Amino acid sequence: MVCPVPAAEWLRPPGHWRFCHARRRAARSAPPGALRAFLEAPMAPAGQPVAASRFLAVDLETTGLDPEQDRILSMGWVAMDGTRIDLATADHRLVRAEGPVPEASAVIHRITDQHAATGVPLDEALDALFRALAGRVMVAHHAALEIGFLEQACQRLYGIRPPLAIVDTLRLAETALRRAGQPIPAHGLRLHTLRARYNLPAYRAHDALFDAIAAGELFAALLSRQSPDGQLPLGRVLFRPAWLW
Amino acid sequence: MNGELEEIREFLDRCPDLAPLPAASRDAFVRQLTLRYLREGSRFPPDTEPGLWIVRTGTLEIRDVHDTLRDRLGEGDLVHIPAAPEQSLGPVTEDALVYHLPLDRVRELAARDGAIAQFLADDAPRPLASEHGAHEAPDHNRLLTTPVRALMTSNPVLAASTLSLREAARLMDRSDISALLLHTPDRPGEPCGILTDTDLRRAIANGVDPEQPASRSMAHPLTTVHRGTPAFEALLRMARHDIHHLPVVHEADGSLAGILSSTDLIRHQGTSAIYLVRDLRRADDLADLKDIMQALPRLQVQLVDSGADAMQITQTITTVIDTLTQRLIEICERDQGSPPCAYAWLASGSQGRHEQTVFTDQDTALIIADDAPEGADDWFAALAQKVTAGLDACGIRACPGDVDPTHPDWRRPAADWAREMDRVLQHPAPRDAMLATHYLDMRVIHGDAALFEPLRQRALETGARHEALLNALAGQARDLPAPLGFFRQFVLEDSGEHADTLDLKMRGLLPIVAMARVFALHAGSEARGTVERLRAAARSGVINDTTADNLVDAWLYIANLRARHQARQIRKGQSPDNALDPAGLSTLERSHLKTAFRLVNDARKTAL
């Protein structure tokens, strides 16, 4: 779903005000630190062209798909200025496990118990992520997962659910394919399938950092088609749960 | 920290151009890179940004100020642009992911790392900006300057020289290659000799035991060329040594990069049209023709690549399709017995005008002598059936408007044609305008031209005298959909398969074609080609020279754009069409295209 946000900055939709309001409220209840700094950083206006916007492509590796039950194993991110991905900002954190890593997910991520024990505590990892995220809009593939896990983690650690502005490359790609009248095959919206469609190289799957880079590159590829001149307003690529917009 | 970006470092390790850099310097590199996605059709470098660029996926072209192809960069290729060029260096020909080391970071790295400074200073991998600035005489023979890298076959087959002659022959047969590179067992990856079809032939003629090692029959030592060697120099080297294959090696470390054959060079010269026509003439049945016609899309790509303009391309393609039609008819005549009387096979539409591209359909007709014996029509109906089906099977789609001789309206005796053409050209009903355009564009492809030419002559003479026909054709030219809407925006197709694209034929070319037809008819010209018609009309004063020049330029520009668009689609394995996505055009191209469309609109308003 592309949010129906008018192009002009002065025509902010009511959802935007609500969103900013929710951010300010969350900032007041957040403990001092990276999360609060992130929430206090001004939110880019919805009418700002994507080329002038700053993003952070993020990927979380988790033990499963349920934010209530499962937990974060590692996080990777890389900053994008417009559609330029800067490898100098590429970073990732392994999260120290509190329990054993389920075998099924260990096979996928190649993160074993021993490996996970070398990670940092979750709050430290979140701290690094939110520091990188300050002033930037998050980009992720299948963003609902990232939102769910980050909200859940913040709820547990800080007692708040931070409102996150996020670009979902899966939704963007889906819209683009539908608009082009192209059939979407089973698994056709998976990150690696979509990347092949846009002539992007195959990376080793399920490595948080490379999946973040992969999502960032896919976002750049999608934008190159949707808005070759980069003038598309940011609001048009944002994905939020319906209650916000 | 570098372990994390392993995947990218591994890629850089494989880049031949970076090979001279020590591993530690390459590591320093990785973290300084930015990633950019360049869409096909956009210009390189984006925003004419200098620095070091490395192609991860996709392809781009480097062209000089004369738009001559200087280089084609693909995966792993690197280009160093030391200063911002005045204009872009060339188009991105396939969606590309590129790594970019911005100029300030290049300088920073060079200041910190002697090895990098050295690398940038001596190797200066392809210093392009200077080349772009220099105004050299345009060279017409691209073969002089195209690097062999752009023509060679990458990933050549390399085998151990201990292989038996028989095994070597089998490997060559399986890989469908005419030359096999061989290496000594202790140095894999480093070719020491070459075994070609000729060597095999000689070995058999001399009674060499096929179980003997291939090394006894191979040619060595090898004559090699660098990837950047101009193709012309490679050709000279082949001629001098009387060989047809050259291994191509990387400048940096001498490692094998590809193999260049004399066929690659010939293909680049654009002589393949000659081969295609020759093969069609020799074909024995429909299956052969179908096979040969598979090469037609590649021919268009080669023509575009070799810098042919739209006139040359469409004329060449039309010649190929004419030959195909002729050969199909000859095969039918052979199979169903000689024709009962004289006849001629006609083509109208783009084929009649010599303006076909690889994406075309059939507009054909039959004219039969008046002395046809009873029942002759069955023979011609069968011919029509087979030839149109044959053309369709060879990729020339059957006409959606039923303009083909399987339909009795398009298969008539000469006297009947004469009456029909008189009717349409002298007293055209409004809906006859379309028929008239077909009649005016018709051309004899095969058979007795004397049956049709006098009819066309007469039609042109009478048509030019009849206001009604001129008005009908002018009306048709005016009614074709306009390419530009308000605010000079492209009018895009708003539905169907090609939604949001621009139909270059319908909105760009056909309006010009239609105008040229009216003007030429008014001028009493026999010409069929659009450019020819416009020139003829200007000569006889029907339109002024400026209008003619403008329309010719517009036609050439749009037709060139279409030929390139289709070549791009073919290269990507898509089927070619006329639907261009204007978003993929550069600003300059877009503004040229708008100018071309504006000329068309202006001419329509003033001249019709």
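Begin by selecting strand S1 (residues 34-38) of chain B, which runs antiparallel to S6(B) and is joined to it by five bridges. Bear in mind that you are looking at a predicted model. For one spot along this pairing, pick Leu35(B): Tyr99(B) in S6(B) stands opposite.

Click on Val55(B) and then on Val98(B), the bridge partner of Val55(B) in S6(B).

Is S6(B) enclosed by the rest of the structure, or open? Show the surface and see: S6(B) is largely enclosed, because 12 of its 13 residues are buried.

**Zooming in on Asp95(B)**

Now select Asp95(B), which belongs to strand S6 (residues 90-102) of chain B. Asp95(B) counts as buried because its relative accessibility is 4%, under the 20% cut-off.

Which side chain does Asp95(B) meet in a polar contact? Bring up chain A and look for Arg225(A): the two side chains are joined by a polar contact of 2.3 Å. Leaving out residues up to four places away in sequence, Asp95(B) also touches others from both chains, including Tyr198(A) and Asn199(A), as well as Tyr37(B) and Thr57(B).

**Rings and charges**

Time for some aromatic side chains. Over all chains, the structure holds 11 aromatic pairs. One of them is Phe44(B) with Trp53(B), an edge-to-face pair with 5.3 Å from centre to centre and 75° between the planes. Phe44(B) is buried, because its relative accessibility is 1%, and Trp53(B) is buried too, with a relative accessible area of 1%.

For a cluster, select Tyr343(B), Trp379(B) and Phe380(B), which are linked by ring pairs.

Then look for charges over rings. In chain B, Arg412(B) has its charged end over the ring of Trp417(B), 5.4 Å from the ring's centre. Hop over to chain A and you'll find Arg23(A) over the face of Phe38(A), with 5.5 Å to the ring centre.

**A three-stranded sheet**

Back in chain B, select S8, S9 and S10: they make an open sheet of three strands in the order S8-S9-S10, with mixed pairing. Strand S8 (158-160) and strand S10 (191-196) of chain B are at the edges with a single partner strand each, so each has one side without a neighbour in the sheet. On average, neighbouring strands here are turned by 40° against each other, direction ignored.

Follow S8(B) to strand S9 (residues 179-183) of chain B: the two run parallel and are joined by three bridges.

**One helix, then the big picture**

Next, select helix H17 (residues 433-441) of chain B. Seven of its nine residues are buried, so H17(B) is largely enclosed by the rest of the structure. Among the buried ones are Ala433(B), His438(B) and Tyr439(B).

Finally, zoom out to the whole of chain B, where you'll see 23 helices and 19 strands. Chain B has 608 residues, of which 54% count as buried. Of its contacts with a separation of 6 or more, 71% are between residues 24 or more positions apart.

Terms used:
Residues are numbered from 1 along each chain as its sequence is written. Chains are lettered from A and ligands numbered from 1 in the order in which they are written. This is a predicted model: local features need pLDDT of at least 70, side-chain atom pairs count only at pLDDT 80 or more; totals for chains, interfaces and linings use all residues. Side-chain values use heavy atoms; hydrogens and water are left out. Helices (H or I, at least four residues) and strands (E, at least two) are DSSP runs, numbered from the N terminus. Buried means under 20% relative accessible area, exposed over 50%, partly exposed in between (1.4 Å probe, protein chains only). A polar contact is a pair of N or O atoms within 3.5 Å; within protein, one must be able to donate a hydrogen and the other to accept it, and residues adjacent in sequence count only if both atoms are side-chain atoms. Contact means heavy atoms within 4.5 Å. Two strands pair if DSSP finds at least two bridges between them. Axes are lines fitted to C-alpha atoms, for helices over the stretch in contact, and angles run from 0 to 180 degrees between N-to-C directions. Rings of Phe, Tyr and Trp (its six-membered ring) pair if their centres lie within 6.5 Å; planes under 30 degrees apart count as stacked, over 60 as edge-to-face and the rest as tilted. A charge sits over a ring if NZ of Lys or CZ of Arg is within 6 Å of the ring centre and within 35 degrees of the ring normal.
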